[in-house]
Amino acid sequence: MKALFLREIKSFFGSPVGYLVVAVFLLLNGLFLWVFDGDFNILDSGFADLGPFFTFAPWVLIFLIPAVTMRSFSDERRQGTLELLLTKPLSVWQVVLGKFLGSLLLIVIALVPTLVYVYVLYGLALPEGSIDFGSTMGSYFGLLFLVAGYSAIGIFTSSLTDNQVVAFIASVFLCFVFYFGFANLPGSIGSLLGMQAHFSSMARGVIDTRDVLYFVSISLLFLAFTVHKLNVRA
């Protein structure tokens, strides 16, 4: 599995895809948070708070993560190398996890430079350093789980077709439904099924095991769907 994981990372950074994903993510966040006027501009808000970033980032990732994962199995199908991959001395679970972890690491690499925002706000706050580190770290923690959920969904949709565009659109749709669609369901159903509610809960700085279990369950569920799909094909 380690070899497959490293192959995925090399393939991302051996082509413009990896660099483009990181650059687009940082550029969009930088422009909307610090340059463009609007609800997401931190300087205009008057508060030393990264709330606008954690509101905006999930929407950007709804499109960027499917762009990363759409080629995971679709490309293997199109090139006719999926059967060869599945005959290697790896279980289907190891193959799927290798693809998943490779995609996950790329997005984590894109998130790391945003820690500079914390340093900047630390200096801008009055008095200096008066920012809520608890909610900030909780939000980053929640964002990592959200990325894992999105990535698992993207890996699954990539296993359904050899067309990367179809895989991308299907992944964006499912991520949107789980993040925003379920949030609008009536009563407690929305807070139970929707990613947005669980992410918002973690963003308050309190890591509830129910929120962690939710994201772990979503990730494992879609990875299991992927394994089942590949087993059926095999």
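**Note on salt bridges, aromatic pairs and a surface patch**

1. D75 and R78 both lie in helix α5 (residues 74-79), three residues apart, which is about one turn of the helix. Helices here are DSSP runs of H or I with at least four residues, numbered from the N terminus. The side chains of D75 and R78 meet in a salt bridge, with 2.5 Å from N to O. A salt bridge is a side-chain nitrogen of Lys or Arg within 4 Å of a carboxyl oxygen of Asp or Glu. D75 is buried at a relative accessible area of 13%, whereas R78 is exposed at 52%. Buried stands for under 20% relative accessible area, exposed for over 50%, and partly exposed for what lies in between (1.4 Å probe, protein chains only).

2. This is a predicted model, in which local features need pLDDT of at least 70 and side-chain atom pairs count only at pLDDT 80 or more, while totals for chains, interfaces and linings use all residues. Residues are numbered from 1 along each chain as its sequence is written, and side-chain values use heavy atoms, with hydrogens and water left out.

3. The whole structure holds six salt bridges. One of them joins K99 and E8, whose closest N and O atoms are 3.0 Å apart. Because K99 lies in helix α7 (residues 92-111) and E8 in helix α1 (residues 2-13), this pair ties together parts that are 91 residues apart in sequence. Both partners are buried: K99 has 1% relative accessibility, and E8 has 2%.

4. K99 also meets E76 in a salt bridge of 2.8 Å, N to O. This pair links distant parts of the chain, with E76 in helix α5 and K99 in helix α7, 23 residues apart. E76 and K99 are both buried. A network of salt bridges links R7, E8, E76 and K99.

5. The aromatic pairs number 21. Rings of Phe, Tyr and Trp (its six-membered ring) pair if their centres lie within 6.5 Å; planes under 30 degrees apart count as stacked, over 60 as edge-to-face and the rest as tilted. F176 and F180 form a tilted pair, at 5.4 Å centre to centre and 40° between the planes. Both residues lie in helix α10, four residues apart, about one turn of the helix. F176 is partly exposed at 35%, and F180 is partly exposed at 32%. Elsewhere, ring pairs link W34, F53, F54, Y117 and Y140 into a cluster.

6. L33 is in helix α2 (residues 16-35) and is buried, with 0% relative accessibility. Leaving aside residues up to four places away in sequence, L33 touches F40, N41, I42, L43, P52, F53 and Y117, where a contact means heavy atoms within 4.5 Å. L33 and L43 are 10 residues apart in sequence and 7.8 Å apart in space, C-alpha to C-alpha.

7. L43 is also part of a nonpolar surface patch of about 500 Å², made with V116, Y119, V120 and L124. Patches are made of residues with over 30% relative accessible area and no salt bridge: like charges are joined within 9 Å, nonpolar side chains (Val, Leu, Ile, Met, Phe, Trp, Tyr) within 5 Å. Accessible areas come from the Shrake-Rupley method with a 1.4 Å probe; for residues, only the protein chains shown count as cover. Helix α8 (residues 115-124) gives the most to the patch, with four residues. Y119 lies in helix α8 and is exposed, at 65% relative accessibility.

How values were computed: Helix = DSSP H or I, 4+ residues; strand = E, 2+ residues; numbered from the N terminus.
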